[in-house]
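I opened this model to take notes on its chains, the contact between them and a few single residues. The entries follow in the order in which I looked things up.

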Amino acid sequence: MTSSLRLRAGLVSIALLAAFLGVWHLATRSTGATTTMSPEYAKLMGLTATQGKSAMPGPLDVGAKLWEHLKRPFYDNGPNDKGLGIQLAYSIARVGTGYLLAVLVAIPLGFLIGMSPLLSKALDPFIQVLKPISPLAWMPLALYTIKDSSISAIFVIFICSIWPMLLNTVFGVASVRKEWINVARTLEVSTVRRAFTVILPAAAPTILTGMRISIGIAWLVIVAAEMLVGGTGIGYFVWNEWNNLSITNVIIAILLIGIVGMLLDQILARFTRMVTFPE
Amino acid sequence: MTDKFISIEGIAKRYPGASGATTNIFENLWLSMARGEFACVIGHSGCGKTTVLNILAGLDAPSEGAVIVDGRAISGTSLDRAVIFQSHALLPWRTVLGNVAYAVSSKWRSWDRAKVRAHAQTFIDLVGLTGSEHKRPSELSGGMKQRVGIARALSITPKMMLMDEPFSALDALTRGTLQDEVRRICLETGQTAFMITHDVDEAIYLADKIFLMTNGPGAVLAEVVENPLPRDRGRTDLHRHPLYYALRNHIIDFLVTRSKTFAAETQGHDPRNVPLVQIGKPGLTIAASGEEQRQTWISGTSPGLTA
């Protein structure tokens, strides 16, 4: 029953994709010669003017270009012409660095805040004010103080991924079932051992959920941050290709951003499943 | 009553209520138990039974008074006092063996892995869970989970066991077998046990002494009832004992009516010197009514009706 449901859902997905590609193709195809012009002039004007082709590339154009990129993902022809693999690697490296730094700060700090009602109350106003600030608003301050655009991008990732992790860790730690704490108390378990043997495993699913939200936000923010700082990365690539008026490349970049984002989310989802315990 | 293994001396528990008032859960509570004794506390919800148990466990501190165990005032929790929780409180990410081993390695920190495992295994065997060591709590039935809870409590070889309605969430059949097990284990190991229950029959079957508490707030320990049934009582012929119904009726009467009216009706109740009710012993008013009950029963009336 479930396998047949999956099969049917898969078929519907494929049908939807085919319909979308079909409509896309029809909407952007050439409509034939519109005006007669000398061949040399026509060559200058391009297909848009001569064949009535939409300025928007069709699925076949995108597919062909994508194939080209996939064949050579890591070429490097200088600052403004690098393979998509290299651009993605830059973005992933920035997200990875900023995100790991955020993990290193948010989880221990969240533990402390979650275990101490005093700290929790004292730090709450700061967290409430800092949390809603758009990470990009930090960019000028980061550029001014750090004086390095690449590190500034990492800082922006750090600051945007810290809040969901911090808040989820605080919540997870503070809401560990009282009876589990009592078990540790009656067994005279030391505070440090209690933190690692009871609170951490009990709060782990909540912490991992926060980490999953964070990686999603970090991946959203890196594109915008790289558009601002420039140089390398998939966000820069999008903006650069927009300046080149290569809508085909922009569409390919959008597709790849989606796929990488999904993969990052799936990795965290797998970790979350590993630490989730059935009750 | 000379050997006071556990002595609760004048404890009180108050909570700050709304608008500056304080709520007294109980006030000036005195209670003592001898070594190896099995005591049950019976009372309605809200009379502070669980608070008394938590104070004994060290999980809660009294607002006033002290608790003395084995000659020393307690402060905080101790590995000498094991708690069996109502909701079993197993760590769901650990296996059965892992849960028991956690307690064992908490008590004997220098033990190596193999020794901890072997020790934990003996207690898993004791509660009849051999073969389920590597299951997680979510794979166990309610009764099996509570068995793990019992194994965990026993594995640290405590001086006393504190049980907060340990069987109330179980079905009647499982409850019966677990009561048998607990009774057997406590008798074999000479464990001192303090149990909270709502179940009168459970108290009669397990306890040597039954503490009756009036309704809260401002609950008091009204009576200590000595269980007249022999120590080697069995579940099947329990109700045939001549004093069984007298005892049962006395407790049920208390729960139904006297727990509400006790404070108003009883003058000069001395919380330090709570009356000890010995059913079936001459010279006490209770004994007379007990005799009466017995007569009714012997003459062939269905004994269940009186309850």
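Entry 1, chain A. I counted the secondary structure of chain A and got 12 helices and 0 strands. Read from the N terminus, the elements run α-α-α-α-α-α-α-α-α-α-α-α. I note here that this is a predicted model.

I then looked up the dimensions of chain A. Along the principal axes, the C-alpha atoms of chain A fill a box of roughly 90 × 60 × 30 Å. I find 30% of the 279 residues of chain A buried. I also took the contacts in chain A between residues at least 6 apart in sequence, and 68% of these join residues at least 24 apart.

I picked helix α4 (residues 59–71) of chain A and helix α12 (residues 247–275) of chain A. Their axes are 9 Å apart and the packing angle is about 70 degrees. Angles of 65 to 115 degrees count as roughly perpendicular, and α4(A) is therefore roughly perpendicular to α12(A). From α4(A), the residues that meet α12(A) are A:D61, A:V62, A:K65, A:L66 and A:H69. On the α12(A) side I list A:T248, A:N249, A:I251 and A:I252. By class, the residues of this contact of α4(A) with α12(A) are 4 nonpolar, 3 polar and 2 charged.

I looked at A:L245, which sits in the loop between α11 (234–243) and α12 of chain A. A:L245 has a positive phi of about 60 degrees and is not a glycine. I noted this because most residues other than glycine have a negative phi. Is A:L245 buried or exposed? A:L245 has 10 other C-beta atoms within 10 Å, so it is exposed; the cut-off for exposed is 12 or fewer.

I repeated the count for chain B and got 9 helices and 11 strands. The radius of gyration of chain B is 20 Å, close to the 19 Å that the globule rule gives for 307 residues, so chain B is as compact as a globular protein of that length. The C-alpha box of chain B, along the principal axes, is roughly 60 × 55 × 40 Å. Of the 307 residues of chain B, 41% are buried. Among contacts in chain B between residues at least 6 apart in sequence, 70% join residues at least 24 apart.

I find 17 residues from chain B and 15 residues from chain A in the contact. On the side of chain B that touches chain A, the elements giving two or more residues are β6 (81–84) and α2 (96–107) of chain B. Which element gives the most to that side? I get α2(B), with 3 residues. By class, the side of chain B that touches chain A has 12 nonpolar, 5 polar and no charged residues.

I checked the span of α2(B): its 12 residues reach 17 Å from first C-alpha to last, close to the 16 Å expected at 1.5 Å a residue. I count 10 of the 12 residues as buried, so α2(B) is largely enclosed by the rest of the structure. The buried residues of α2(B) are B:V96, B:L97, B:N99, B:V100, B:A101, B:Y102, B:A103, B:V104, B:S105 and B:S106. What covers them includes α10 (191–229) of chain A, and also α3 (113–126) and α4 (142–155) of chain B.

I found B:A89 in the loop between β6 and α2 of chain B. B:A89 has a positive phi of about 50 degrees although it is not a glycine. B:A89 counts as buried, with 23 C-beta neighbours inside 10 Å.

I looked up B:V224 in strand β10 (residues 221–226) of chain B. Leaving out residues up to four places away in sequence, B:V224 touches B:K209, B:F211, B:V274, B:L276 and B:V277. I also took the C-alpha separation of B:V224 and B:Q179, which are 45 residues apart along the chain, and got 22 Å.

Definitions and conventions: Residues are numbered from 1 along each chain as its sequence is written. Chains are lettered from A and ligands numbered from 1 in the order in which they are written. This is a predicted model: local features need pLDDT of at least 70, side-chain atom pairs count only at pLDDT 80 or more; totals for chains, interfaces and linings use all residues. Two residues are in contact if their C-beta atoms, placed from the backbone, lie within 7 Å. Helices (H or I, at least four residues) and strands (E, at least two) are DSSP runs, numbered from the N terminus. Ala, Val, Leu, Ile, Met, Phe, Trp, Tyr, Cys and Pro count as nonpolar, Asp, Glu, Lys and Arg as charged, and the others, Gly among them, as polar. Axes are lines fitted to C-alpha atoms, for helices over the stretch in contact, and angles run from 0 to 180 degrees between N-to-C directions. Angles under 35 degrees count as roughly parallel, over 145 as roughly antiparallel, 65 to 115 as roughly perpendicular and the rest as oblique. A residue is buried if 20 or more other C-beta atoms lie within 10 Å of its own, exposed if 12 or fewer, and partly exposed in between; C-beta atoms are placed from the backbone. The expected span of a helix is 1.5 Å times one less than its number of residues. The radius of gyration is taken over C-alpha atoms; the globule rule is 2.2 Å times the number of residues to the power 0.38.
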